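Biologist: Please take a close look at one part of this model, the packing of a pair of helices, and then at the core that goes with that part.

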Amino acid sequence: MRLIGLDLETTSKEPGARPVEIAAVEVTPGACLTLLDEHCDPGMPIPAQSTAIHGFEDADRFTAHGLHDAIEMLIAVLPPPEAGDFALVIHNAPYDCGVLTWAAAHCGITLPDWPVICSLEVARAHRGPKGGNALDRLCEEFGLERPGGGHRAYGDAWAAVEVFRRFPVDPVAALARPFSAWAAEWDGAYTRDFPEGLEALPELVEFGGGLTFDYRDAKGNDSTRTITPHGWAMRGGVLHFHGFCHKAQDARAFRADRVVAVLGSTL
């Protein structure tokens, strides 16, 4: 069976994050064929918190492919689902499948339902679910040096396949599940349906604007927050949004149904 590693680097770890880099590599014993290795403009400023992880500066997006084109390029280089005898291998498949599905919907693209194996799920099945299964840790234990380093899409896509191959699995095809099934586990669907007061979220995310609102948290504590929004998604039937909170001086996520009042926004 052909094994194709897939990985994304993104604007955040929250639902509604967007890709800034996409890589797909077909890995065979002793060889690695690059199918795609592209930076992409997520259509929003790249947050400093994510730059600290993968190294992509906001200025880098202006010389990259647009998100729509990058996703279309990925579809073009991967086999169609009906081709059979192949699987995408992704470490933490719900995250990457969920992020890519959100981004595709945002761009008006329907993704093929490729077969996907989650190397993280396989590692947990063999090593136990409590820690020690992060890609960095597994690469260290197995002596794998990722080409281009860690937290870059190319190296992590390659490592997902190499890590998977370190575990005894037979038959391999039995582990593959549809791309859409993994995306559904992420629970972060795309929407353009916003409650009153939050209709400007897409424009605020796109242009790096500010949003100020009164908020009541799960414990009933009230506060006034000003954030730079970085994304949004539907989770459990409720709109969630996230961004850099100026009060906390850190990334924070919020539920729309806990917003008491929207006080204003700036672009």
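**Helix packing and the core**

Modeller: The model is predicted. In this model, the axes of α3 and α7 lie 7 Å apart, and the two helices pack at an angle of about 95°. Angles from 65 to 115 degrees count as roughly perpendicular, so α3 and α7 are roughly perpendicular to each other. On the α3 side, the residues that meet α7 are Ala93, Pro94, Tyr95, Cys97, Gly98, Val99, Leu100 and Thr101. Their partners in α7 are Phe179, Trp182, Ala183, Glu185 and Trp186. Sorted by class, this contact of α3 with α7 has 10 nonpolar, two polar and one charged residues.

Now the core. The largest nonpolar core has 35 residues, and Ile22, Ile71 and Leu74 touch the most other members. Elements that give two or more residues to this core are the strands β1 (2–10), β2 (19–28), β3 (31–41), β5 (86–90) and β6 (115–118), together with the helices α2 (67–77), α3 (93–106) and α7 (179–186). The largest share, seven residues, comes from α3.

Leaving aside neighbours within four places in sequence, Ile22 is in contact with Leu6, Asp7, Leu8, Leu36, Asp37, Glu38, Cys40, Ala70, Leu74, Leu100 and Ala153. Among these partners of Ile22 is Leu100, a residue of α3 that also takes part in the meeting with α7. Leu74, another contact of Ile22, is itself one of the residues that touch the most other members of the core. A second, separate core has 23 residues, including Val89, Leu144, Val161 and Phe167.

Terms used:
Residues are numbered from 1 along each chain as its sequence is written. This is a predicted model: local features need pLDDT of at least 70, side-chain atom pairs count only at pLDDT 80 or more; totals for chains, interfaces and linings use all residues. Side-chain values use heavy atoms; hydrogens and water are left out. A nonpolar core is a set of buried Ala, Val, Leu, Ile, Met, Phe, Trp, Tyr and Cys residues joined through side-chain atoms within 4.5 Å. Buried means under 20% relative accessible area, exposed over 50%, partly exposed in between (1.4 Å probe, protein chains only). Helices (H or I, at least four residues) and strands (E, at least two) are DSSP runs, numbered from the N terminus. Contact means heavy atoms within 4.5 Å. Axes are lines fitted to C-alpha atoms, for helices over the stretch in contact, and angles run from 0 to 180 degrees between N-to-C directions. Angles under 35 degrees count as roughly parallel, over 145 as roughly antiparallel, 65 to 115 as roughly perpendicular and the rest as oblique. Ala, Val, Leu, Ile, Met, Phe, Trp, Tyr, Cys and Pro count as nonpolar, Asp, Glu, Lys and Arg as charged, and the others, Gly among them, as polar.
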